[in-house]
Structures are given as structure tokens and as C-alpha cells.
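Notebook open, structure loaded. I want to look at the inside of this one: the cavity, the core and the ring pairs.

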Amino acid sequence: MKLRATVPILASPVRVNLIMPALIVAGLIMAALTIAPLAAADESAPALLAAGRADDAITTLRSKINNSPSDGESYNLLCRAYFSMGDWDRGISACEKAVALAPNNSRYHMWLGRIYGEKADGVIFFKAASLAGKVRDEFETAVRLDPNNVDARSDPGEFYLEAPGIVGGGRDKAEAQAQILAKLDPAKAHYLKGRLAEKKKDPETAEREYRAAIEATHGSALTWFNLALFYRHQQRWNDMEGAINHAVSAQMDRPEILMESGEVLLRSGRNFPAAVQFLRRYLALTSKVEEAPAFKAHYLLGTALERQGDKQAAAQEYRAALSLAKGFSRAQQALDRLNP
């Protein structure tokens, strides 16, 4: 799912009488030049989220909710803003409110399931088991409400694959989702089949499925990136970097791949200069996306620079992250580490 900022344009140019004095004409031109940047600035909550301006998005959404307490979309966007910062508790509260206000909205259930899942990753087992049941219920509700929602159908496939049977997981259920996805989005079906093969410790089949996804999309950035992740799991480092290079060279329909490629290199402890290059390329884009918050890209760039020994530049990136999302604790911890 993507949210893209849109720039309003004038329906037609202003027509000026030819006998109008030149001074007036000049004044109108200057006024147009002054107004145009204001008209082009999109300060809506979706645009703020896409730009990675989490604090501004939260402020805007809180104001909208104060004026319209029954606005489920604002609560959903607020949940996603907190999700981007890893603030699971505040995000869950907002997502639950969105679902309560619009119980038949598939997307709202999908996002509630996602943030329950993230919360479950960081808690002790018995709490995680309780949350896992909620994840399953929300994902299944999202699919029931909109069976053709590919994103909503992909999430339960991943859940069934990872979760133990006691909370409703199972490879047979994941395989059933893959069969349905094959009709809706063949590439995502191949991806899920690849994940299934990995779980079965069948790397040959897994690689074949990931490459089938690449073929199905004619070489999209996302499918190459998924192949890179597989190579990382297999510790095939050179192949991983080769797939990443394909991903960042492909048609950039998924700009977040630039940031995620930099993050994978960092996590793998390899090729920090390339990670820096990818992260800077992403931050230089005029149109960023919610899936890759700019504050996180600044934090990752700071991490890469710090590992290269440039602590001053790293600190600047951590500060840049905090200027967009003051509650992003990882950036604050990194800055505190550099400035004890």
C-alpha cells in the first residue's frame, strides 16, 4: 500500500488583457510565483506520513480527531504514524479506535493485525500467544471483508507460515493462501511459496519460486529484493549483493527498496559505502513513501556513517531523524551513545 502526495495544478492559465499596463502584468506574475509554492505544498496527514514527518502528521491527526472524534480514517493514519516509530501501544490504541468506528473496513483490520503482530514480537511468550490470536482474528476479518485485497490476503499467509498451530498457524493454511493469491497476484503467490519452501528447508525450490516472482513482474525491484533476502538467509553474501544491485537498478516503482537495501547491508555487516549510497539516494527523492519513513532513513544513514568512523556526520543524521520524529527512540539512543 502506498500513499503519495499530490500536487494541485491550475485548471487553466490566467489570461491577461493585452492593453493592461506592464506593471500590473508584472505584479500578477510575481503574485503567481509567490502563490504557486504555497499551492504545491501538501500538508495533509497522508502526505506528511509519506514525507516521513511523523511529528507533524501526529499533530495534524490529533487536531482532526479533536474536531471530528468519529473520523476512523484519521485514527487509522495515526496508528500508522505510531507504527512507523515502533510505538506499538499508542498505535494499537489508535488502530482499535479506527476498527471500532468502522468495523467493516478491511484495511483497518489489516493494520490492527499488523501492529498486534509487531507488539507480539517483543513480549514474553504467554502474552505473545494471546496477541497472536488477535493477529489471526484481525487478518482473517480483513480477508473476509475484502477477499480481493491482495495486501490483506498476503498477511495471513505470512502469519500461518510463522505461527505455531496452537494459535492457528499451519503450513497447510499458508499453502491455501498461496493458491488463492496465484489468481490475484502471481508474484506474491510465488513469494509465499518461496517462504514455504524455506520453512521446509528446501532452498532449491525456494530460489526457483523467488525467481519465478521476478519473471512474473518482469524484474521488479521488490522481487529482486526478496531474492536478496533469501540469499542473506542462506549466507550467500555475493549473491545477496548481486540481487540488491539488481533491485536498486530496476524500475523504481517501490522507492522503499533503496532504504531497505541499505538496511540489509547494514544488518549483514557488509558494504557500508553502498549502504550509504542507497540511503542518500532515497533521501534525495522528492517523493518518498510511508513504507520508508525519512526519519528511519536518516537513522540508518547515521548508523552506516558511524560504522565507517564518521561520528560527526552520524550525529547529524541522528539529529535529522529526531527533528522529524522526536519519539524515535533508536535515534535518540544512538545520539546519546555518541554524546555521553
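Predicted model: local features only at pLDDT ≥ 70, side-chain atom pairs only at ≥ 80, totals over all residues.

**Cavity, core, rings**

By class, I get five nonpolar, two polar and two charged residues in the lining of the largest cavity (Ala, Val, Leu, Ile, Met, Phe, Trp, Tyr, Cys and Pro count as nonpolar, Asp, Glu, Lys and Arg as charged, the others, Gly among them, as polar). Residues are numbered from 1 along each chain as its sequence is written, and side-chain values use heavy atoms, with hydrogens and water left out.

I looked up the lining: Leu48, Leu49, Gly52, Arg53, Ala54, Ser84, Glu290, Pro293 and Phe295 (a lining residue has an atom within 4 Å of a point on a 1 Å grid over the protein atoms alone, and a cavity is a set of points where a 1.4 Å probe fits but cannot get out).

Next I checked Phe295. Leaving out residues up to four places away in sequence, Phe295 touches Gly52, Ala54, Ser84, Met85, Ala321, Leu324, Ala325 and Phe328 (contact means heavy atoms within 4.5 Å).

Then the rings: I found nine aromatic pairs in the whole structure (ring centres of Phe, Tyr or six-membered Trp rings within 6.5 Å; planes under 30 degrees apart are stacked, over 60 edge-to-face, the rest tilted). Phe159 and Tyr160 pair edge-to-face, 6.0 Å centre to centre with 65 degrees between the planes. Tyr299 and Tyr318 sit 5.9 Å apart by ring centres with planes at 40 degrees, so that pair is tilted. I also noted a cluster of Tyr191, Tyr210, Phe230 and Tyr231, linked by ring pairs.

Note on methods. 1 Å grid on protein atoms, 1.4 Å probe; cavity = no way out; pocket = protein on both sides within 12 Å on 5 of 7 lines; lining within 4 Å.
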